[in-house]
Amino acid sequence: MLRITGYSDKYSAFPREEVKFYVNSEKNENYDVQIVRLIHGDTNPEGPGYKEEEIGAQCNKTYQGRNQRIHGGSYIVIPQDDRLNTTSFTLQAYIFPTTPEKGKQGILTKWNEKTKSGYGLFIDENSCLSVMIGDGAGQVMNLSSEKKLMAKVWYLVAASYDAETGKVKLYQEPCVTPTNGGLGMSLLHPADETTSFIEATNNLKPRANDAPFLMAACTLVDRAKRYIQGGHYKEAINPIELPEQTLTYNGKIDRPRLSKKALSKSEIESLARGYGGCTAELRSEVIGAWDFHANITKNIASTFIIDTTSNHLNGFVINLPCRGMTGYNWTADEMVYHHKPEEYGAIHFHDDDIDDARWEVDFTFTVPDLIRSGVYAARLRINGEDSPETEDFIPFVIKPPKGKTTSNLLFVLPTNSYMAYSNDNLGTNSVVAQLLAGKVPVLAASDLYLNEHREYGLSTYSKHSDGTGVAISSRLRPILNMRPKYRHWLSPSLWQLNADLHLTDWLEEKNIDFDVVTDEDLHIEGVDLLNRYRCVLTGSHPEYSSEKMLAAYESYQLNGGRWIYLGSDGFYWISEYHPDNSNIIEVRKGEAGTRAWTANPGEYNNAFDGKYGGMWRARGRIPSKVCGLTFTAYGFDVSSYYRREPDSKRPECSWIFEGVGEDEIIGDFGLVGGGAAGLELDRYDLDFGTPHNAYLLARSENHTNLMLQVNEEIHFSVRGFYGGGTENPMVRADMIYYKTPNDGALFAPGSLSWCGSLSYNNYNNNVSKILENAIRGFLKEGPLP
Ligand SMILES: [Fe+2]
């Protein structure tokens, strides 16, 4: 099992900037740090093997290891305030539990689970609603609704306690409409199986405590020495100390309220509808009435939670649960949360959400003034051993000096896509992994570690523990599949970072110098960054793009930029950065596309920018309009090869094939499935966005029947037409070249496995030749042939 993991505070740094590193030594073992430049990460014995260059740095030394934990699971914290330590109370909310059967979960709690003090509304071990009151001296009153809550059903729930009479009341009432449950049931009969009103008398008073008021969890430790401030917590003007949370809840909460007296049923209902509409007398009894839709603007990226009463007991969401979710009153008349915020008052909490591991800094690397731009890593080793258990790498990019270039060629590392795939658990969790790969998924030590450490968070290829999709990914946590030496479960292929090192290694072998930046840098700086370069390369799988990134590639091409789009399935999913924190991205997987989940009804729009999420295609930006090609097929067993097409022999194009015979088979070799056309393929399509003057240079063939057409283009599921490589003409990779205004151009081979063939035969092969011709041709001054 893995003994060391870590992450950094940034993915890319300029010379003289600092990169901070956070390290967990599982068993408190000491470890050595060595900064390295990553050259080649593929350990496949048929290739050149792992290559790195050690870099001198002050931080290269031995450190005392310490165990650092992640506290996953989203919740809301309302910081401790004496007004929350009420003796009589009513707790109420609409809830939509998604795993009522998973055991005890906090809903609304002023409760310390260690000292058993305070009060709170919970789901108990028997899936029933319950209220607890604790005197902090060992005595706990626990009243259960004795009726099980059902998954994916909205309820109005409440608990009241009158300290004078000792009366405790518990209400559990389903409120089901034809639309509000999304894909949950609406015909609830007999409803009394899950409806409950329970009354009891109790002399135990809740002990005032220092726990914050939590929603979707309860407190284990009042103050955990971890703080929020700045970034996506911009409303936290002063640092706010977090508790250690426990008993995290899965599901939605809408319109939670806390009052300082035992309210009647009609008062509860009136307050549920809206604090503003209540009588002055009732309002005076309310301590907090939190409306999650109160700060929906054109987006709901905010982590701020607003108390609409004059007490202003505002708070924050922790670990980024999903906002902009359909509420108890969603009618489906509007599909966009900011068109009708009052029907989107729900937040969906998950017990495996994470926004930031919040570890303490272990060491810092100051990037030297004069150092080549490239892909680097902090290499961590226990006892100097390079085994998977005792070694971890924390990769980062060193950029050229700010506003400058140190080469005419730029490689944009697709870090947005790395984040989308962060800690994907398809190999251990997906029922189709073996069928997709055509073989038993080969797991790495880190896959097994993640399987046991769900708090490390998931990828947008995962589902939360309650079955809903993971829409948010943060890089402020160890991302164990973004590592050199890592073999993705789609073995024998590599994926993302490690696959992109095939390209950087080849560039070094060919003595082609290059600068490196990340998607995030491009998103922040835009086309000005690209305009500084004669030629730009994108990686093996730049699948996830922000709107600003698309705009930058489009204008670069119009400005005369020359772009080599390597790989496949590029510019496919809409993925936006958190507006206040580019460490975090959001992807709402829509109604079609190659994906692990589908957003629930009415929840297609991004929280982070308010716009429609899912495939760029759905917003009129099919990838072929950006890069000439569009994703057409995928399959993960073996890769195939290309044959040249007539356009490749035209005088405008033949320079790309210099040194390659007219009938030569291209790329029937390589480290990724044995061919240059494999894993995921793009086609050119003059009916779907490909520029009309694009040249078709080569086309792949002879794909297996595991290579299947993408689902967004399949309207009827039929055999004999939409099948695999042997029968479906859409299963192919198209290699294209087109010219753009002002002497610009694009070359793209249309396959994800392309770069895995570059090193074959000591880097001397026709895939290598074609790419070298294209790059050197694009770097030349003057018009293209
Ligand atoms: Fe992908």
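1. In strand S36, Ile585 is the bridge partner of Ser473, where a strand is a DSSP run of E with at least two residues, numbered from the N terminus. Strand S29 and strand S36 (residues 581-586) pair in the antiparallel sense over three bridges, pairing being assigned if DSSP finds at least two bridges between two strands.

2. The model is predicted, so that local features need pLDDT of at least 70 and side-chain atom pairs count only at pLDDT 80 or more, whereas totals for chains, interfaces and linings use all residues. Residues are numbered from 1 along each chain as its sequence is written, and side-chain values use heavy atoms, with hydrogens and water left out.

3. The open sheet consists of three strands in the order S29-S36-S35, with antiparallel pairing. Its edge strands, each of which pairs on one side only, are S29 (472-474) and S35 (576-578).

4. The largest nonpolar core has 82 residues, and those with the most contacts inside it are Leu503, Ile564, Tyr737, Phe747, Trp754 and Leu771. Such a core is a set of buried Ala, Val, Leu, Ile, Met, Phe, Trp, Tyr and Cys residues joined through side-chain atoms within 4.5 Å, and buried means under 20% relative accessible area (1.4 Å probe, protein chains only).

5. Leu503 touches Phe411, Leu537, Leu566, Cys755, Leu758 and Leu771, leaving aside residues up to four places away in sequence; contact here means heavy atoms within 4.5 Å. A second, separate core of 55 residues includes Ile107, Leu143, Ala159 and Tyr233.

How values were computed. Buried < 20%, exposed > 50% of the residue type's maximum accessible area, 1.4 Å probe, protein only. Helix = DSSP H or I, 4+ residues; strand = E, 2+ residues; numbered from the N terminus.
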